[in-house]
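The structure is shown first.

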Amino acid sequence: MIRRARRNLAALIAGSLLLAGTTTACGSSDAATNADGSTTIRYQTYMGSVNLPELADALGFYDNIELERLGDVQGGPESLRAVATDQVDYAAAFLGAIAKVNSTGAPLTTVVSYYGSDDTVNSSILVRTEDKLTQARDLIGKKVAVNTLGANAEAIIDTYLEEGGLTADEIDEVTLVPLPSTSTENALREGQVDAAYLGGTAREVALQRPGLDVLVADIDVVGPYSGGGITLRDDFIAKNPEVTEEFVAGIAKAIEWTKAHSKEEVIEVITDYLTEHDRAAEAESLQYWKGTGISAEGGLLADADFEIWLDWLEASGEVEPGSVDLSEIYTNEFNPYAEGSR
């Protein structure tokens, strides 16, 4: 029943995205042009993470783009909804959620990778040491905090439970509880939930203090992977190809810059940027930032990045087999690291 409720929620999200995409396609998607000829791109950020377009801006990779931050976003489905309804100009979301949305016909295209998991940068299911939870079966009847439903955390948790030998009915007994990342660690420590899926700086901060253990890491479940991407509306791309090219190129170059420089240098650059934009307090947690986790050069995308999640979506009944054409849901056309790019 719990998994059915999750699916219903995901269906509602996908439905609203399809409707929103149809609506915005009839409206204006011209990016705002400023007096100096630059273009404003509206966006939202994830707390505790290095925003790649901001890093690109800090490094001077944008000559004709001005970034306008419109607050924080909790998860990929919310981010996708915001871009589909033209509240922002790009979404940063889990590739599985993107595939789910595209299966409904929503007019969105993913243009560059945004985050990944590897041996250095990954997400984990955390549990209290005192509870002695050591295997998937120990989560039956328990509550697990996630940042949002229908996204990366749910895909990893479901896969972990299935590989741990749980039946569909037993998996239904594991309750996923959406919580903001800022309150997830406290909820776990205070016993409001029995486990928590955390990644990035939130995971690193939580593990700095005693009392919590890693039950399993995402890479232990599915191996290293590209987890998320930057997504644009199709009509935005069609009407603003030069803006799209500069925007994607900046992100791609920023990804490679992080690989060529120490994490201390990255943190210094983004901290200075946030301070200049009156957001110095946001930089405090970034001392635990370790990297993007993106292995592909310049964040190039590949079929395999989506196929791993399509298998999960199709097996769970979230997506009809054959309803996603991978050639239609992403492109490397604007990425300077791709052969034949502009």
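A residue is called buried under 20% relative accessible area, exposed over 50% and partly exposed in between (1.4 Å probe, protein chains only). The model is predicted, with local features needing pLDDT of at least 70 and side-chain atom pairs pLDDT 80 or more, while totals for chains, interfaces and linings use all residues. Residues are numbered from 1 along each chain as its sequence is written, and side-chain values use heavy atoms, without hydrogens and water.

**Backbone**

Most residues other than glycine have a negative phi.

Asp-86 sits in the loop between α3 (76-84) and β4 (91-94). Asp-278 belongs to the loop between α12 and α13 (303-315). Helices (H or I, at least four residues) and strands (E, at least two) are DSSP runs, numbered from the N terminus.

**Helix α11**

Helix α11 spans residues 241-260, 20 residues in total, and its first and last C-alpha are 29 Å apart, close to the expected 28 Å. The expected span is 1.5 Å times one less than the number of residues. Because 14 of its 20 residues are buried, α11 is largely enclosed by the rest of the structure.

**Charged patch**

Glu-264, Glu-265, Glu-268, Asp-272 and Glu-276 form a negatively charged surface patch. Glu-268 is part of helix α12 (residues 263-276).

Key. Patch = residues over 30% accessible without salt bridge, like charges linked within 9 Å, V, L, I, M, F, W, Y side chains within 5 Å. Areas by Shrake-Rupley, 256 points an atom, 1.4 Å probe, with all protein chains shown as cover. Salt bridge = Lys/Arg side-chain N within 4 Å of Asp/Glu carboxyl O. Lys, Arg positive; Asp, Glu negative; His and termini not counted. Charge placed at Lys NZ, Arg CZ, Asp CG, Glu CD.
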